[in-house]
Number of protein chains: 2
Amino acid sequence: MGTRKRILILGGGFSGVYTARNLERLLRPDEATISLINQENYWVYQPLLPEVISGLVGLTDVVCPIRQLCRRTGLVMREIQKIDLANKVVTVSPGFRPRLLDLSFDYLVIALGSISNFWGTPGGVEHLKPFRTLADALSLRNHLIQTLEEAEIETDAGLRRKLLTFVVAGGGFSGVEVVAELRDFVDNMRRHFPRLRSEWARCVLVHAGDRILPEMSESLALFAHKLLAKRGIEIRLNERLVGATSEKALLGSGLEIPAKTIVSSVPSSNPRVLQDLECEKEGWRLKVNGNLELVGHEGCVWALGDCASIKTVSGNRTPPTAQHATREAKTVAMNIVAAIRGGPTCRFAFEGLGKLGSLGEYSAVAEVLGVRISGFPAWLLWRAVYLAKLPSLRQKVRIALSWFFVLLFPPDFVQMRLTRQPAIARQHFETGEVVFRQGDLGDNVYLIQSGECDVFRETNGRQSPVATLGPGDCFGEMALLNDVTRNATVRVRTSMDVLLLSKDDFDALKTSIPVFGDVFRRLATHRSTGNLEPPSKGFSEE
Amino acid sequence: MGTRKRILILGGGFSGVYTARNLERLLRPDEATISLINQENYWVYQPLLPEVISGLVGLTDVVCPIRQLCRRTGLVMREIQKIDLANKVVTVSPGFRPRLLDLSFDYLVIALGSISNFWGTPGGVEHLKPFRTLADALSLRNHLIQTLEEAEIETDAGLRRKLLTFVVAGGGFSGVEVVAELRDFVDNMRRHFPRLRSEWARCVLVHAGDRILPEMSESLALFAHKLLAKRGIEIRLNERLVGATSEKALLGSGLEIPAKTIVSSVPSSNPRVLQDLECEKEGWRLKVNGNLELVGHEGCVWALGDCASIKTVSGNRTPPTAQHATREAKTVAMNIVAAIRGGPTCRFAFEGLGKLGSLGEYSAVAEVLGVRISGFPAWLLWRAVYLAKLPSLRQKVRIALSWFFVLLFPPDFVQMRLTRQPAIARQHFETGEVVFRQGDLGDNVYLIQSGECDVFRETNGRQSPVATLGPGDCFGEMALLNDVTRNATVRVRTSMDVLLLSKDDFDALKTSIPVFGDVFRRLATHRSTGNLEPPSKGFSEE
């Protein structure tokens, strides 16, 4: 058993999950253990995600638990903090206890996809809505419903206009599908929102190129353009989104579109953990060879999917589609098997079978093996292909049921909001409980509202009491200020209520309110000199 | 048209929605306008809510958009801030713009239900999970999945035990249904989580009385008790939950149950807006007469459902069930019609047809018209009754499909998490935009990260500039400190990025970190003397 190789897969999208599935098929259980790290416990069937907006398919229909798809793969549902290629260790975020977890590997597969990057656009991070994950789709749907509900009762005509204007930036496949579903959804809602009968909602598609769908041939793009325009979607070509506020979209030409909803499908970037990864890159993508091995780490690390720069034999970069990801996954799995068993490796050689894009309302465009199809036949093909490609029978049946169901009953518009959590969390401790231990990861500052706690320092197994803290005192800030682990253990003396300020919030406040940071910095300096009593009855006065 | 009466319904549960439906049926459109205020845009079919835990029915299957159920009723999707009975005005929270909205009424229906009240239990607010709303059910389900995923990879046996222990407090209908669904869910998951095959999860039901299901006859309660015990649920009678921390449940006998999941179905209390309402009450419930009129406001205000203290003819208080709520709604609607048209009023007289409780796994207990049924027949009856009672055909079909579907495919365990929002929000403004206007409601403090803005005061229509603020400055705190509306208008001078601290977070920080509050208070005093420049280059230094 000691010779079982450890294979670690990072990412649970098409590329990660299909690599695991191929490995399960190719390898015997005694040859290797397979683990997969993903923040969510489910895999998303990306091609159907836009349909979540209009409610054509249910939220849970487009996802499938990863454990169900890869039964022999161990799922680690955590965030990846660090990839150490030299020591062959991946570090993941803490779970219920504040300790990092290290996972060693013999073979590593990087399939982390890409993220939305709005930092280049002023106001982008704050006001652009991404459309990439299931959470994005859910939150966009909820936001749309909110705008309709508010527009219905709003008396100010200007604000109502903004509420009923929806801007989508990026006229590629993703942007076109989103704007089409958005139009369908709003049109379906006319029955329920009397205001929509008298005030036509405005949907705008902004695209930087001189025609939409650059992935498709010109004639199909033109077909799509006409169809969308006929359905009342305003298409602005050669125009770029350059800024956003909570009130409007700013375009490159100087035009402003007053709107409360701005969706952007571009641009993409590296997940943060890959930005820090030291290896060869092409642009922000990882550089791989024809066997999909990470350059400089051949035979040990593979990268695939949208995070890798992969060329087809014809020299084009592979598009971020499911058909490519699944073929790449097969290549990677076969090469890992070759690495374990010995034997020849194989090169990635797949040119793509075709391109499919839904336009909503029983229409689509398709190019399959050189043949161009549009309209209803393309739409039927689109549905058939995607239904056939679903990996589990369960999902096939569910989605088919969903599609059948909306023929009988139009989609609904329930807003699935979770109650808004207060930003600042609270925690209650009983006497004797330990708040954190020396050596734990520092991820929160604690502010005592009531009760008391003791601070101990442990040296060579000996505990020495350092201080007792009470209401108005705070603790835990040192680890945050210096970005290290806890340097003391805190145990509750009398049952205690605390406020928790997360590391991110603490950092934001510290930088924006200098005096706030100063107080904590002074306290930390004071304490690091060995004195853990608050300076002069604590910073609760000053 | 001037004579159309304005009917305002508060709350979108069974009682509120059925009052609206009855009114739509009884009144002509020219007789009255009907409005309903509810924070969510959907109505929840409460009896099926526990099934969401185990995934027997989908999340969106148990809900229905209110606009779809009451087509002639105007929905206001806002939070109720204040009910002014003397002036016949209800004030609701702001939408996209920070202004309160006043809604006048001729007739008012209060159907706000009850809320979970954990303040009496130390650690309750922080660590007990309620089970009352759809958001509660969703968040409990997500939490359960998280504990299973974490237990699967946890190496510490003690923590694993805590992760696999589930405590439910309260052995009434609601608690019993929750613990039964919870057991079913965990058992269904055994296939996917190898750990669950070797380590049996522990489910504990804690009940203060000497038998569970006090609503039922003793023999049925005993039947239920035996069945739950046989399925491995640990039932602790005559035992009360007295405290909770993130690590354990504390019981009255001194017993501690280490657990990461503690659900509580008790106790209930008034929604906050009713706590402030000045009228006669019985306990925390509103006092109504036999016509369900609010005592002291007869002929104008009605109250029903769980927020009202309603006696049946036999003198018992009506239980908070759907069958009672729908009958109360009918009585209220008829009495409102009587008030508008004149004519005799009617008294509420309904004793209940029966009681039904699901025990999960094809079993239930029922008492219908004096007949006691248990086991599979009761379960069939339970399903049939609830399916029949669903108001829309759409929902009937969906839920029937769901039930049919899980016969073929066992329920899944997708964790529908939204990305965690950072606690401290950010906003971007472009030159010329207005951050807030004099007279707006103060709901945020703004901390400038970059850019500048001008502060104006408006008197008799004249704008006089007061100050220019820049990076490191803050504004908007005065309205929060004094709990009034904004006393100035802020307009952006050069494109500006700000951090937003909500009123609740600001208050929490202010009370817990006295120095934090002091800084803002000093600033406010300084400014209220007419000087809006920050004191001595602002509180950014000090």
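In strand E13 of chain A, Cys203(A) is the bridge partner of Phe166(A). This is a predicted model, in which local features need pLDDT of at least 70, side-chain atom pairs count only at pLDDT 80 or more, and totals for chains, interfaces and linings use all residues. Residues are numbered from 1 along each chain as its sequence is written, chains are lettered from A in the order in which they are written, and side-chain values use heavy atoms, with hydrogens and water left out.

**Strand E12 and its partners**

- Strands are DSSP runs of E with at least two residues, and helices are runs of H or I with at least four, numbered from the N terminus.
- E12(A) covers residues 165-169 and runs parallel to E13(A), residues 202-206, to which five bridges join it; two strands pair if DSSP finds at least two bridges between them.
- E12(A) also pairs in the parallel sense with E18(A), residues 261-264, over four bridges, and there Val167(A) has Ile262(A) as its bridge partner.
- In a regular strand the side chains alternate between the two faces of the sheet.
- Thr165(A), Val167(A) and Ala169(A) point one way from E12(A), Phe166(A) and Val168(A) point the other way, and all are buried (buried means under 20% relative accessible area, exposed over 50%, partly exposed in between, with a 1.4 Å probe and protein chains only).

**Nonpolar cores**

- A nonpolar core is a set of buried Ala, Val, Leu, Ile, Met, Phe, Trp, Tyr and Cys residues joined through side-chain atoms within 4.5 Å.
- The largest such core has 122 residues, and those with the most contacts inside it are Ile83(A), Val90(A), Leu108(A) and Ile110(A).
- A second, separate core of 120 residues includes Leu48(B), Val57(B), Val186(B) and Trp403(B).

**Salt bridges**

- The whole structure holds 54 salt bridges over all chains, each being a side-chain nitrogen of Lys or Arg within 4 Å of a carboxyl oxygen of Asp or Glu.
- Arg383(A) and Glu51(A) form one of them, at 3.8 Å from N to O.
- Arg383(A) lies in helix H12 of chain A and Glu51(A) in helix H2 of chain A, so the pair ties together parts that are 332 residues apart in sequence.
- Glu433(A) and Lys248(B) also meet in a salt bridge (3.8 Å, N to O), and this pair crosses between chains.
- Arg398(B) forms a salt bridge with Asp61(B), the closest N and O atoms being 2.8 Å apart; the pair links distant parts of the chain, 337 residues apart.
- Both Arg398(B) and Asp61(B) are buried.
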